[in-house]
Amino acid sequence: RLLEPIPSRDDTTVGEFVDEMAGGQHSWTWRVPAEVRERIMPDIRAWAEQRFGSLDAPLERDLQIVWRAYDLPP
């Protein structure tokens with residue numbers, strides 16, 4: 001069953017997210033060697049600017065955290 005959503009706010013900008021990728025802060029970046037991340041980040045930044053405009057733009061402001069509860073049979 002779905003539980004009541006929890007409103008949340010995230011002020012992370014596109015640029016901050018790109019910096020997090022460059023720094024290997026997300027587990028999905030860990031398999032990419034640091035030297036490869038460093039080499040490709042200028043291209044990723046250029047793509048992000050073209051796609052999103054300013055890198056100072058927020059990714060998503062208003063979010064919802066949605067939880068599900070599972071009841072075990074007695």
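## Salt bridges

A salt bridge is counted here where a side-chain nitrogen of Lys or Arg lies within 4 Å of a carboxyl oxygen of Asp or Glu. In this predicted model, Asp 71 and Arg 1 meet that condition, with their closest N and O atoms 3.0 Å apart. Asp 71 belongs to the segment after β2 (62-65) and Arg 1 to the segment before β1 (6-9), so this pair ties together parts that are 70 residues apart in sequence. Both Asp 71 and Arg 1 are exposed.

By this rule the count comes to 3 salt bridges. One of them joins the side chains of Arg 45 and Asp 19, at 2.5 Å from N to O. Because Arg 45 lies in helix α2 (residues 34-52) and Asp 19 in helix α1 (residues 14-22), the pair ties together parts that are 26 residues apart in sequence. Arg 45 is partly exposed, with a relative accessible area of 28%; Asp 19 is also partly exposed, with a value of 41%. Another salt bridge links the side chains of Asp 11 and Arg 9, at 3.8 Å from N to O. Asp 11 is partly exposed as well, and its relative accessible area is 46%.

## Overall architecture

The secondary structure of the protein consists of 2 helices and 2 strands. Along the sequence, these elements follow the pattern β-α-α-β.

The radius of gyration of the protein is 17 Å, whereas a compact globule of 74 residues would have a value near 11 Å. Along the principal axes, the C-alpha atoms fill a box of roughly 55 × 30 × 15 Å. Of the 74 residues, 18% count as buried. The protein exposes about 6,100 Å², and carbon and sulfur atoms supply 55% of that area. Among contacts with a separation of 6 or more, 71% are accounted for by residues 24 or more positions apart.

## Helix α2

Helix α2 has 19 residues. From its first C-alpha to its last, α2 reaches 25 Å, which is close to the 27 Å expected at 1.5 Å a residue. The helix bends by about 40° at Ile 40, and a proline, Pro 42, follows within four residues. Just after α2, Gly 53 takes a positive phi of about 85°.

The buried residues of α2 are Arg 37, Met 41 and Ala 48. These buried residues pack against α1.

Thr 12 lies in the loop between β1 and α1. Residues under 20% relative accessible area count as buried, and Thr 12 is buried, with a relative accessible area of 17%.

Leaving aside residues up to four places away in sequence, Thr 12 touches Phe 17, Glu 20, Ala 57, Pro 58 and Leu 59. Asp 71, the salt-bridge partner of Arg 1, is 59 residues from Thr 12 in sequence and 35 Å from Thr 12 in space, C-alpha to C-alpha.

Methods: Residues are numbered from 1 along each chain as its sequence is written. This is a predicted model: local features need pLDDT of at least 70, side-chain atom pairs count only at pLDDT 80 or more; totals for chains, interfaces and linings use all residues. Side-chain values use heavy atoms; hydrogens and water are left out. Buried means under 20% relative accessible area, exposed over 50%, partly exposed in between (1.4 Å probe, protein chains only). The expected span of a helix is 1.5 Å times one less than its number of residues. The bend at a residue is the angle between axes fitted to the seven residues ending there and the seven starting there. Contact means heavy atoms within 4.5 Å. The radius of gyration is taken over C-alpha atoms; the globule rule is 2.2 Å times the number of residues to the power 0.38. Accessible areas come from the Shrake-Rupley method with a 1.4 Å probe; for residues, only the protein chains shown count as cover.
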